Amino acid sequence: MATTSARLLTLLGLLQSRPDWSGAELAARLDVTDRTVRNDVTRLRELGYPVDAVRGPGGRYRLGAGARLPPLLLDDAEAVAVAVGLRRTTATAGIEEPARSALTKLEQVMPDRLRRRLAAIRDASTSGPENTDSNVEDPVVDTATLAALADAVRDHQGLRAFYRDEPVELEPYRLVAWQRRWFLVARAPATGTWAPYRVDWLTLRTPGGRRFTPSAFPEDVTEFTVREVARTGWAVHARITVDAPPDEVLARINPTVGTVEATDDGRSVLVTGGDSVEVVAVWIGMLGLDFHVDEPAGLVEHLRVLSARYARAVPPP
């Protein structure tokens, strides 16, 4: 007799291969007893697959919604990972429609419980412009936390959490994937202020907050996230004065680097950041324009080290 998991997959395949089966037929095909068939049907229902049955000697079984689709057994973490991957891919040029179609098909084959979780993540999230730099280390995001945030956005459920060890209470509005990180755009009910919160810096507390009536968001959520993260969402922040007008700076930077402000003297200020001074130094060094840095002190010192290192790397003029 096959292992329970393998037998369940075989049973699912049989149930979707024709409209209905008798218990005796299934027992014969699986080489098990009628009682084992009944137990396996119960296990399928516990996993969320709707199996209809008519009790009695002539009882028959049929698979409900999704009977014509191949079986797909995913636990909650795997389902979240699939949703996250495909949701991010729908923002990738050239494959938006296939990714969206694949996500829809996966939702159809899932049990209702996981389908609701997928739908919550899909409806609660959006994506900003991506940085393809493979040298950027991705932070670890707990899939259970991401799923819980998506549920809270869907259900208008307030959150109690620690954000970088500080207690916060939030009204979640939207999840935004940007710069290979996840951010929760939320409103602090105590002050009425909106901000993006890095999900990998959030630790949810139980019980959560109260249900709330959502407030209208004042602008485009993705543009807001990109702008605010450049100012507050990194471990290292910097305002770089660039000896060039804003249009020239904007033409040279990836949209994920930060935002550009005009100055009265025709120059620009690049508001940017990163998870380390090394990353920020690389980004501004790729501008190809003269720039000036006064703070933070760690970045200034790192640029001094780099300038000396580069000077030693070439022969004297």
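Helices (H or I, at least four residues) and strands (E, at least two) are DSSP runs, numbered from the N terminus. Keep in mind that this is a predicted model.

**Exercise 1.** Work out where Pro 245 lies and what it is in contact with beyond its sequence neighbours.

*Solution.* 
- Step 1: Find the loop between strand E10 (236–242) and helix H9 (246–252); Pro 245 sits in it.
- Step 2: Check accessibility. Pro 245 has a relative accessible area of 38%, so it counts as partly exposed, because that label covers values between 20% and 50%.
- Step 3: Leave aside neighbours within four places in sequence, and Pro 245 is in contact with Gly 266 and Ser 268.
- Step 4: Now look at Glu 261. It is 16 residues from Pro 245 in sequence, and the two C-alpha atoms are 9.2 Å apart.

**Exercise 2.** Check the span of helix H3 (residues 34–46), then sort out its buried and exposed residues.

*Solution.* 
- Step 1: H3 has 13 residues, so at 1.5 Å a residue it should span 18 Å. Its end C-alpha atoms are 19 Å apart, which agrees.
- Step 2: List the buried residues of H3: Thr 36, Val 37, Asp 40, Val 41 and Leu 44. They cover an arc of only 140° around the axis, so they are on the same side of H3.
- Step 3: See what covers those buried residues: helix H1 (4–17), helix H2 (23–30), strand E2 (51–53) and strand E3 (60–63) are included.
- Step 4: Finish with what follows H3: Gly 48, with a positive phi near 105°.

Notes: Residues numbered from 1 in each chain as written. Predicted model: local features only at pLDDT ≥ 70, side-chain atom pairs only at ≥ 80, totals over all residues. Heavy atoms only, no water. Expected span 1.5 Å × (residues − 1). Buried < 20%, exposed > 50% of the residue type's maximum accessible area, 1.4 Å probe, protein only. Arc of directions from axis to C-beta. Contact = heavy atoms within 4.5 Å.
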